[in-house]
Each structure stands twice: as structure tokens, then as C-alpha cells.
Amino acid sequence: MENYIVSLFEFFLLSFAVFRFTHLIVLDEITDFMRKPFTAVVEEIDENGEVYQYIEGKGSGIQKWIGNLLNCYWCFGVWASILLYAGFVLFPVIFTPVIYVLAIAGVAALIETFVKQMT
């Protein structure tokens with residue numbers, strides 16, 4: 001593989017694609033079915049009697065590792081970056097359209113968030 005440096009445009013394109021892909025896998029309700037086998041909801045009660053819920057990897061070994069990965073936006077983002085960049089460099093015919101779609105959806109999500117904040 002040759003030394004591949006992305007242009008500034010490609011950098012932003014990949015950044016928006018990674019943002020949207022990470023959000024899709026880690027946070028979106030539509031992919032909840034993928035996270036369920038690997039994550040569990042844990043409840044804790046604080047000293048005031050209030051119940052707090054959080055999600056963690058369930059099981060042990062690889063199941064727990066995948067659960068923790070699917071629950072961590074920052075962690076999954078690193079792997080998403082590696083996947084999308086490698087695909088962009090090694091298999092551009094397949095990955096470029098996917099990256100464009102994810103990037104456009106990511107920018108649209110940011111615009112929608114901004115519009116909602118303004119109203």
C-alpha cells in the first residue's frame with residue numbers, strides 16, 4: 001500500500017462519516033438490536049434514594065469487550081475511523097459512496113440539531 005494522505009476535503013468527509021457511523025451504532029434506537037446481546041442496564045441507588053441507570057458490557061471476555069465498545073462513543077469512534085479510512089484507501093469503489101452517504105447524513109444531523117437549538 002502506498003503512503004496515502006487525504007486532502008482536507010477528504011478529511012472532513014471522513015470526519016463527518018465517522019461521526020454519523022459512530023452515532024448510528026452507539027446511540028441510535030434503530031441499532032439497539034445489535035447492542036442488546038452485549039449490553040446490560042445496571043441500576044444504582046445513591047445515598048438520597050435516587051435510582052440511576054447506566055449501560056455496561058455484559059458477560060465476560062469478548063462479549064463484555066464488545067458491549068463496552070458498543071457503549072462508548074469515544075472508543076467506537078476510533079474503530080470506526082480505522083474501518084472507514086482503511087476502506088476508503090483499500091476499497092474506494094465500495095467505501096466512497098458509503099462514506100458520502102454517512103457524511104451527508106452527519107452534516108444533516110448537525111444542521112437539524114442547530115435548527116432545533118435556534119427555535
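Start by selecting Arg35, which sits in helix H2 (residues 32-35); helices here are DSSP runs of H or I with at least four residues, strands are E runs of at least two, and both are numbered from the N terminus. This is a predicted model, where local features need pLDDT of at least 70, side-chain atom pairs count only at pLDDT 80 or more, and totals for chains, interfaces and linings use all residues. Residues are numbered from 1 along each chain as its sequence is written, and side-chain values use heavy atoms, with hydrogens and water left out.

Show contacts (heavy atoms within 4.5 Å) and, leaving out residues up to four places away in sequence, you'll find Leu24, Ile25, Val26, Leu27, Asp28, Glu29 and Leu70.

Next, pick Glu10, in helix H1. Glu10 is buried but has no salt bridge, and the nearest side chain of opposite charge, Arg20, is 22 Å away. Beyond four places in sequence, Glu10 touches Tyr4, Ile5 and Phe88.

Phe88 turns up again when you click Ile99, whose contacts beyond four places in sequence are Leu13, Leu14, Ala17, Leu84 and Phe88.

Now for the largest nonpolar core: 17 residues, with Ala17, Phe21, Phe76, Leu84 and Ile99 having the most contacts inside it. H1 gives the most to this core, with 7 residues.

Finally, colour by pLDDT (the predictor's confidence in each residue, from 0 to 100): the chain averages 93.

Methods: A nonpolar core is a set of buried Ala, Val, Leu, Ile, Met, Phe, Trp, Tyr and Cys residues joined through side-chain atoms within 4.5 Å. Buried means under 20% relative accessible area, exposed over 50%, partly exposed in between (1.4 Å probe, protein chains only). Lys and Arg count as positive and Asp and Glu as negative; His and the chain ends are not counted. A salt bridge is a side-chain nitrogen of Lys or Arg within 4 Å of a carboxyl oxygen of Asp or Glu.
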